[in-house]
Amino acid sequence: MRYFPAGTFAFLAMRIFVLALCWFAAPCRAGLHPRIFVRHDTATAGRGPTVSQLRGRLHDPAYTRWRMPLSRQGSSATVEHAARYLETGDAAELRAVRDFLTSHTFSYARQDVGGFLAGAEMATAFDWVYDGLSDADRRLALDNIVTTCDSSLSFLRHGEPDINHNYTYMALNTVAVCGLVLEGEPAPHGEKSASYLALARDFLESPGKVLDTWSAREGAWGEGSHYTFHETVRNLVMMLAAFRSAGDRDYFTEARSWYGDFAAKSGRFLIYSTRPDFTFERTGDTSANRVQAALTVPVTVEVLATGLGDSPDAARLRSFADDLLAAHGDRAVEPEMGWGMRIFYDPRASRTPSYRTLPLSARMGAGTLEQIVFRNGWEADSTQITILAGDHFTDHQHFDKGQFLIYHRGGLTVDSGAYDGMYRPDAHPNEYACRTLAHNCLLVYDSAQQFPKGYTNDGGQNVTRGRQHHADWPAYLAHREAEGLHTAEVLAYDTAAAYGYVRADLTKAYGAKVRHYERQFVYLPAADSLLVFDRVAAARPEYPKRWLLHFQERPEVDGVIPPAGVHAYPDAGVVTERRRQGALFLRTLLPAPRKTTVVGGPAYEFFNLFTGVNYPPSNPAVAAESRESGRWRIEVAPEHQAEEDRFLNVIQIAGSDGVPAEARLVSGTGGLAGAQLPDQVVIFAAGTLPVRYEVSTPAPAGHLLVQLPALTGVAIRVNGASLGTRRVNAQGVLSFQDRGKGTRRVEILAAR
């Protein structure tokens, strides 16, 4: 692992020198409040609006919309009360803050994650009302803040915090913000500040800690949409923004210069994780009330944009935030987070370039998370395909390597199950929601496979729990193989205007029951079609294999509407799913012969065919319509058992009034398989030459071949006539256009 950019010794020495200066330099903030996000009018350090500038926005329509009636009370609402006092000097707002701060303490032991979050919120509110409190009220409030913060401090020191887990970032934000606010206070609170800031800086800056981890992961996180954006990213960027306003330390600038620009990449990750309907992709643990890219998210986006300064990424984030706000209207921001918009939102900052100038394909977290997105546009009726093919980090991820989700005017394939708690044997959390069975993946059933206690056999990927103990990134890397966390690897990724391609090795996710398993995807944006090709070799031929696809609505099979329950359809032709204004048409070309089984409907939504048990959530509300928790699925299985099987599925994406197009199987030499679409041929080769196959179309067609020997010169012949020589690209992809029609015999030969 390389923590720093490649460079000379002088560059590294300079970095150490600058870090040392930043560590020991006096921040010049003692005695001046506020200092968190908003600065005292006489402040000479830090960046951010002053109190006078904030008050100048009080009647500006661009900001007044973010002052709303509060929906609840608590530590988050106290921050909003404090902001209103800072803006108006209203004595009632001051009393609300004072009464809360002088009467409440929180801890992880008593309030779970609320105990982590409360410390930063209490300290921020205290900072903003500091000048309005009496000395006695300050001392009492500080005592309560210290008691609350010490719970987070204890967790970070003794609670085995994991560098990849959201708890670490909640606790760290509290420790950092409390340290910044308490600095300069009389004993004993001032001494507490020193210990808090020392720990916060150590977690941030030490080799392999937070900044290095986010650099290594390229700003991509995988704790489900619930925790990734609403908690982990939010707490990280808030903490960096607090340092930026309270002194001369700008971690956003350092991230750009020394840590792979992870803050900008994290902003792009957020954009690509948002569907055209401005809700998040449902990946990992995701609550029904957290699928919206709203509530806390617009504030996070504005904080990121502010930290990125005058840059194209900042402009893209602001243009994206504008569309978020338009999409969600009055519910775009939680009332308790309105202060964040009034401080960080800048209606006059540039929105050019727009986020719509971003590439339509993205690979995020290369070599780590591996979340890949293909789109065919940035409009409301565009298609988005999301693929997961990387490592395992925390228990908020699912056992879903190779999973793919399709959105077009509605969720056409879904991540089934709901976030109904965790670690509950014989119930939805253990037996369904996190399991491979609930995802668009492949099952390989070994009846003798051993799962951890509390988990039955679903035929899916290995279940890995309780591996959340990696104090830093090197510790994670050191344990990744031994603990079964290196679950998948992207072998090839390639994009062009006409296609997107991914080849992933998923073998390790399944353990000893699978000898080798690769899944490949080809997306054709012009045809709006996705081809999924699986080549899997089980350890024994008698292990059944089942290819899964999950839907929210009841599918049709060759025009037949299946009843609730379990119903098989031998050699089904077209499976149709329609949801809202979108439709999906699935043609399975391999295996042959095969059986397509439809499972779903009342009492079968979360059914395990191997155990014969349905595992519904204990609380139906967690499976609300917005979660798209999946009520139906199909399972495609070969009719005959074999050690090795191939699955080739062609998925056509369309509007609700679409009709299925033709797709025919193409076979040839060397174990290749492919599909012939109306004006496109896609061939999945097997890594060798020559390649020979036959197609028949009424007009010339484009040919796309994948998994060829990379960087190899080849000669292309059609019906014996030469089309010249080409070079296979570095990802094993070759594309060309033929000039014939009717039946053609195509040969791809090694060039002489």
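Predicted model: local features only at pLDDT ≥ 70, side-chain atom pairs only at ≥ 80, totals over all residues.
View 1. Let's start with a histidine: H230 belongs to helix α12, which covers residues 224–246. H230 counts as buried because its relative accessibility is 1%, and buried means under 20%. Look for two polar partners here. The side chain of H230 makes a polar contact of 2.9 Å with the side chain of T296, and a polar atom of the H230 side chain lies 3.3 Å from the backbone oxygen of R290. Beyond its neighbours within four places in sequence, H230 also touches other residues, including S225, F280, Q292 and V297.

**View 2. Y108 and F116, a stacked aromatic pair.** The structure holds 36 aromatic pairs, and this view shows one of them, formed by Y108 and F116. Their ring centres are 4.7 Å apart, with 10 degrees between the planes. Y108 is partly exposed, with a relative accessible area of 30%, whereas F116 is buried at 0%.

View 3. W214 and W221 form a stacked pair, 4.2 Å centre to centre and with 5 degrees between the planes. W214 is buried, with a relative accessible area of 0%, and W221 is buried at 1%. Now find R217: its charged end sits over the ring of W221, 3.9 Å from the ring centre. R217 also lies over the face of F393, at 3.8 Å from that ring's centre.

**View 4. A cluster of aromatic rings.** Which residues do ring pairs link into a cluster? Look for Y272, F278, F320, Y355 and W378.

Methods. Residues numbered from 1 in each chain as written. Heavy atoms only, no water. Helix = DSSP H or I, 4+ residues; strand = E, 2+ residues; numbered from the N terminus. Buried < 20%, exposed > 50% of the residue type's maximum accessible area, 1.4 Å probe, protein only. Polar contact = N/O pair within 3.5 Å; in protein donor to acceptor, adjacent residues only side chain to side chain. Contact = heavy atoms within 4.5 Å. Phe/Tyr/Trp six-rings, centres within 6.5 Å; stacked < 30°, edge-to-face > 60°. Lys NZ or Arg CZ within 6 Å of the ring centre and 35° of its normal.
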